[in-house]
2 protein chains.
Amino acid sequence: MKHTEIDKFFKGNIKIPSYDHLTANKAKHRQDELTKPIGSLGKLEEFAIWMAGWQKKLKPTMKNPYCLVFAGNHGISNKGVSAYPSEVTYQMVENFKKGGAAINQLCDLANIKLSVIPIDLDKPTRDFSEGKAMDKNEVFSAMQLGFDSVPSDCDLLVLGEMGISNTTSATAISCAIFDEPVKLLTGIGTGLNKSQLSKKIKIIKSALKLHGKNFKDPIDILSCYGGREIAAIAGSVISARLKSIPVLLDGFICTAAASSLILFDKMILDHCRISHLSSEQGHAIVLRNLKMEPILDLNLRLGEGSGAAIASLILRAALATHNGMSTFTDAKVTTKIV
Amino acid sequence: MKHTEIDKFFKGNIKIPSYDHLTANKAKHRQDELTKPIGSLGKLEEFAIWMAGWQKKLKPTMKNPYCLVFAGNHGISNKGVSAYPSEVTYQMVENFKKGGAAINQLCDLANIKLSVIPIDLDKPTRDFSEGKAMDKNEVFSAMQLGFDSVPSDCDLLVLGEMGISNTTSATAISCAIFDEPVKLLTGIGTGLNKSQLSKKIKIIKSALKLHGKNFKDPIDILSCYGGREIAAIAGSVISARLKSIPVLLDGFICTAAASSLILFDKMILDHCRISHLSSEQGHAIVLRNLKMEPILDLNLRLGEGSGAAIASLILRAALATHNGMSTFTDAKVTTKIV
């Protein structure tokens with residue numbers, strides 16, 4: 001493992017927890033004994049086994065799923081890269097607190113505890129097309145907040161974000177990490193028209209010219225292009241890994257935030273699943289690069305953790321069947337002829 | 001509308017209820033006022049509007065979702081077209097009754113009332129590679145049972161089936177309706193090996209030679225190739241339509257059963273959604289013919305209504321957001337700049 005500035009988060013944790021293949025194999029064996037043709041629950045079987053491997057439990061639980069929604073403001077918003085003004089970040093945080101947003105309804109439905117964590121909304125990051133978005137201390141501080149926000153009794157972490165203009169930040173990060181062209185990765189975000197989209201592309205291109213694409217440390221890339229909520233997500237992904245907690249990443253922005261960590265370690269996202277394929281056009285390309293498959297494809301592009309909360313319902317279905325079904329022996333059902 | 005034998009089910013219901021565009025438009029308008037960028041909940045918005053249009057309610061409900069699992073036995077089972085012996089149909093019905101199967105866990109999770117309806121399990125249909133599977137009275141009787149099984153207070157109907165060898169029946173039905181080649185539509189069902197699959201294809205081909213592909217009435221095609229559970233599903237789809245109840249069809253067999261009704265009326269499945277894309281290979285081709293998109297793609301191939309019960313969770317997410325979110329005005333959130 002390379003030694004970089006992000007090592008600070010792994011101090012005292014020299015060995016990063018890894019997937020428990022022994023428990024996962026036992027879970028696979030259990031799946032094969034349940035009253036269904038082998039493999040017939042498809043990805044549900046895969047998800048249950050994956051949860052078993054990370055939780056190190058033959059029968060994984062979803063007793064304490066938490067959703068953390070981090071919010072931050074972006075200096076680049078002044079360049080008109082979003083269809084909404086930046087005060088909407090604060091207004092939506094208020095809406096989250098009052099229970100009126102999509103993520104509130106979805107967490108209620110999925111029985112997930114929701115925490116909304118606004119980070120210095122009155123201090124937007126600097127316009128990253130003109131300079132670095134944050135200094136390193138600001139990055140560390142946001143990451144640390146994310147890191148500290150993961151409860152230790154959490155058995156599934158659902159991550160989301162809110163930040164007007166943060167698809168711009170996520171696009172720049174993704175272009176740099178995966179060396180993909182700006183035009184290919186830049187989408188309409190909350191709903192830009194054609195000329196606004198062209199402008200957004202131009203601004204991201206100029207930012208990439210300014211800061212480059214060569215980064216060896218997540219801290220560096222987040223300092224150039226990041227938002228505070230994006231850094232916090234990266235911090236919480238690390239925290240979950242150190243606690244062996246499986247993670248559901250939401251859409252494009254969450255994925256970009258988590259992707260910054262592969263600069264540190266290519267396997268660092270093995271405890272994460274992509275909840276859904278966002279209709280933000282860069283997401284599919286980023287996922288292809290990450291070789292990760294989304295659980296759902298519902299044309300969502302809202303953020304807030306909405307897709308991840310919905311995907312948690314699929315994990316519940318996976319665990320309900322894995323934990324609750326009878327075996328062939330218990331149910332006295334004849335097994336396969338051949 | 002053509003007058004055919006199936007008209008008997010529509011007696012006294014000369015006008016088949018149709019989608020309520022007025023309520024659907026109001027629901028669309030509501031979606032556009034909720035605190036999210038317009039369209040950002042993607043298919044969730046579409047599903048909520050569709051439910052509104054069929055239930056004729058601006059805020060559709062899922063208070064009384066019912067899952068009906070019909071079970072039947074198939075004479076063609078004697079030809080070795082399944083990896084399991086036909087007594088498994090009865091054993092699995094017992095498993096359903098004791099609560100040990102996948103569908104029990106999934107209905108519990110999704111808060112769906114489950115009814116398991118075995119139909120004359122001791123009277124398998126006749127081997128349809130040698131003659132008609134059922135006479136018309138048997139088809140009517142199974143359809144009527146399906147028709148009568150839909151509770152009138154039901155606000156979402158979730159359909160499933162159990163019947164060893166019923167992918168063989170469903171494949172023959174699908175080949176006939178959509179004029180597709182047997183080889184393309186025949187899959188491994190519960191898990192055949194290569195030589196068993198070849199045999200299954202050969203048997204379906206010979207059956208299609210015997211009964212042909214030209215059918216004008218659902219009753220006829222079900223009589224030649226059907227199973228009792230398949231006919232019951234067709235009956236329950238009609239019943240739901242007459243009551244304006246939206247329907248979630250499960251995988252390949254449910255879809256084939258429902259497809260038989262398009263011989264009667266091409267729009268008769270407008271109140272139905274396909275829950276998931278089965279990994280049974282014929283399903284994708286049938287859906288392409290029907291121009292219907294699956295809600296989920298989880299490589300399921302279990303049946304029992306399992307995929308439909310899982311998809312009902314997505315509909316719950318659609319209704320939770322549609323019914324529960326605040327509007328921009330209520331939440332005092334600034335709307336789009338342009």
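This is a guided tour of a two-chain model, stop by stop, for you to follow in your viewer.

**Before you start**

The model is predicted, so local features need pLDDT of at least 70 and side-chain atom pairs count only at pLDDT 80 or more, while totals for chains, interfaces and linings use all residues. Residues are numbered from 1 along each chain as its sequence is written, chains are lettered from A and ligands numbered from 1 in the order in which they are written, and side-chain values use heavy atoms, with hydrogens and water left out.

**Stop 1: the two chains together**

Colour chain A and chain B separately. A rotation of 180 degrees, with 0.0 Å of shift along its axis, superposes chain B on chain A with an RMSD of 0.0 Å. The two copies are thus related as by a two-fold rotation axis. The same surface serves both copies, since 100% of the contact residues of chain B recur in chain A. The superposition is by least squares on the C-alpha atoms of residues with pLDDT of at least 70 in both copies, and contact means heavy atoms within 4.5 Å.

**Stop 2: where the chains meet**

Now select the interface. Chain B brings 57 residues to the contact and chain A brings 57 residues. About 4,600 Å² is buried between the two chains, and carbon and sulfur atoms give 66% of that area. Buried area is the accessible area (1.4 Å probe) that two parts lose on being put together, summed over both. On the chain B side, highlight B:Y84, B:L298 and B:K336: these lose the most area to chain A, together 12% of what that side buries.

Which elements of chain B give two or more residues to the side that touches chain A? They are α2 (42–55), α3 (87–98), α4 (102–110), β6 (294–296), α13 (306–324) and α14 (328–331). The largest share, eight residues, comes from α13(B). Helices (H or I, at least four residues) and strands (E, at least two) are DSSP runs, numbered from the N terminus.

How many residue pairs are in polar contact between chain B and chain A? There are 14, with both residues at pLDDT 80 or more. A polar contact is a pair of N or O atoms within 3.5 Å; within protein, one must be able to donate a hydrogen and the other to accept it, and residues adjacent in sequence count only if both atoms are side-chain atoms. The count of salt bridges between the chains is zero; such a bridge is a side-chain nitrogen of Lys or Arg within 4 Å of a carboxyl oxygen of Asp or Glu.

**Stop 3: the nonpolar core**

Select A:I314 and B:I314. These two have the most contacts inside the largest nonpolar core, which has 104 residues. Such a core is a set of buried Ala, Val, Leu, Ile, Met, Phe, Trp, Tyr and Cys residues joined through side-chain atoms within 4.5 Å. Leaving out residues up to four places away in sequence, B:I314 touches A:L296, A:L298, A:I310 and A:I314 in chain A, along with B:L44, B:F47, B:I295 and B:L296 in chain B.

**Stop 4: B:R273**

Go to strand β5 (residues 272–276) of chain B, where you will find B:R273. Is B:R273 buried or exposed? At 17% relative accessibility, B:R273 counts as buried. Buried means under 20% relative accessible area, exposed over 50%, and partly exposed in between (1.4 Å probe, protein chains only). The side chains of B:R273 and B:E46 are joined by a polar contact of 3.4 Å. Among the other residues that B:R273 touches are B:F47, B:W50 and B:M292.

**Stop 5**

In helix α11 (residues 252–259) of chain B, pick B:T255. B:T255 is buried, with a relative accessible area of 1%, and the residues it touches include B:D250, B:I274 and B:H283.

Next, switch to chain A and find A:E229 in helix α10 (residues 228–242). A:E229 counts as buried, at 0% relative accessibility. Its contacts include A:F70, A:H74, A:E161 and A:N166.

**Stop 6: two loop residues with positive phi**

Most residues other than glycine have a negative phi. In chain B, select B:D179, in the loop between α6 (166–178) and α7 (182–185). Its phi is near 50 degrees, a positive value, and B:D179 counts as exposed at 55% relative accessibility.

Finish at B:S244, in the loop between α10 (228–242) and β4 (247–249) of chain B. B:S244 has a positive phi of about 55 degrees, and at 12% relative accessibility B:S244 counts as buried.
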